[in-house]
Amino acid sequence: MTTVLAEGAHDTSQIPAPEGSVTITVKILRFNPELDSEPHWESYDVPALPTDRVLNLLMNIKNYVDGTLSFRRSCAHGICGSDAMQINGINRLACKVLVKDLMAGGGKQTTVTIAPIKGLKTEKDLYVDMEPFFEAFRAVKPYLIAYGNEPTRERIQSIADRERFDDTTKCILCACCTSSCPVYWSDGSYFGPAAIVNAHRFIFDSRDEGAEERLDILNDAEGVWRCRTTFNCTDACPRGIQVTKAIQEVKRALLFKRV
Ligand code: SF4
Ligand code: SF4
Ligand code: FES
């Protein structure tokens, strides 16, 4: 008997179903610039174990159903920051979200929606042009600036001084924060939270001498003052960085000229 598939649905019978698997309906916002004028939803019923990650579902669709499905991923362990996407409308890393945390209760059919992150141009399916994001990152000089003679030994730092910027060292440049920021959506010229987090990492480093240069850059019309303290960025960060707090600290450093 031939199964009639709903519009936008695909035959997924080739995907192996391990013992104990459940069926998850994965709806993906697909876009191929060579064929489509607009993105559209396509649907895949994927067998999955509760301990699978959303990235596994995407890999199975790509490997068994449609090799043209495009998305970025590398480490699969929440380290490289390359698989940020909107999962059920929230910016997450596909490799860090477990199926069991998305499953509908009461034995109901689970549907998971996956779309590209917002605020950056979609190149194809789930991957976006990250260049504006990295341009803002580079603009804040995210590297140690030190003048004078090279030291003859390592640059010493106390534990307390290292602690001062510990939180912002954890950034993996995934763009979950920046692409969840309403100010960034409305005007892409705002530096965005990730760039400010990476400026913070050096501004508050006692070994660095470039704080003033960076603060000047962030005092710009497109800098920290555009932030409306809505906390979307902090909620979105998969590394648990206190993004809004870091932005507030940079604002305070500008107001009181103190680092
Ligand atoms: S707190 Fe600021 S940077 Fe973060 S999402 Fe809100 S407006 Fe954007
Ligand atoms: S601050 Fe968090 S959400 Fe933003 S880019 Fe870095 S790791 Fe990603
Ligand atoms: S694949 Fe590297 S963070 Fe998800």
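Trainee: How many residues surround ligand 1, and which are the closest?

Mentor: A residue counts as near a molecule if its C-beta atom, placed from the backbone, lies within 6 Å of it. Here 13 residues surround ligand 1, and Cys181, Cys227, Thr230, Asn232 and Cys233 are the closest. This is a predicted model, in which local features need pLDDT of at least 70 and side-chain atom pairs count only at pLDDT 80 or more, while totals for chains, interfaces and linings use all residues. Residues are numbered from 1 along each chain as its sequence is written, and chains are lettered from A and ligands numbered from 1 in the order in which they are written.

Trainee: Which helix gives the most to the shell around ligand 1?

Mentor: Helices (H or I, at least four residues) and strands (E, at least two) are DSSP runs, numbered from the N terminus. Helix 8 gives the most to this shell, with 3 residues. Helix 7 (232-236) and helix 8 (243-256) each supply at least two.

Trainee: How do the residues of that shell divide by class?

Mentor: Ala, Val, Leu, Ile, Met, Phe, Trp, Tyr, Cys and Pro count as nonpolar, Asp, Glu, Lys and Arg as charged, and the others, Gly among them, as polar. The shell around ligand 1 has 8 nonpolar, 4 polar and 1 charged. Around ligand 2 there are 13 nonpolar, 1 polar and 1 charged residues. Of the 15 residues around ligand 2, Cys171, Cys174, Cys177, Ala194 and Cys237 come nearest.

Trainee: Is tyrosine 190 buried or exposed?

Mentor: A residue is buried if 20 or more other C-beta atoms lie within 10 Å of its own, exposed if 12 or fewer, and partly exposed in between, with C-beta atoms placed from the backbone. Tyrosine 190 is buried because 23 other C-beta atoms lie within 10 Å. Tyrosine 190 sits in the loop between helix 4 (182-186) and helix 5 (193-203). In the protein, buried residues make up 36% of the 259 residues.

Trainee: Which residues does tyrosine 190 touch?

Mentor: Two residues are in contact if their C-beta atoms, placed from the backbone, lie within 7 Å. Not counting residues up to four places away in sequence, tyrosine 190 touches Val183, Tyr184, Glu222 and Arg226.

Trainee: In what order do the strands of the open sheet come?

Mentor: Strands of a sheet pair through backbone hydrogen bonds, either parallel or antiparallel. Two strands pair if DSSP finds at least two bridges between them. The 5 strands of this open sheet have the order 2-1-5-3-4, and their pairing is mixed. Strand 2 (40-48) and strand 4 are the edge strands, each pairing on one side only.

Trainee: How many bridges join strand 1 to strand 5?

Mentor: There are 5 bridges between strand 1 (residues 22-30) and strand 5 (residues 110-115), and the two run parallel. Isoleucine 28 stands opposite isoleucine 114 in strand 5. Helix 1 (residues 54-65) packs on the sheet and touches strand 1, strand 2, strand 3 (84-87) and strand 5.

Trainee: Into which domains is the protein divided?

Mentor: Domain bounds come from an automatic or database domain assignment. Here they give domain 1 (22-127) and domain 2 (130-256). The C-alpha centres of the two lie 29 Å apart, and their contact takes 13 residues from domain 1 and 16 residues from domain 2. Strand 4 (residues 90-93) gives the most to the side of domain 1 that touches domain 2, with 3 residues. That side divides into 6 nonpolar, 4 polar and 3 charged residues.

Technical notes: Axes are lines fitted to C-alpha atoms, for helices over the stretch in contact, and angles run from 0 to 180 degrees between N-to-C directions.
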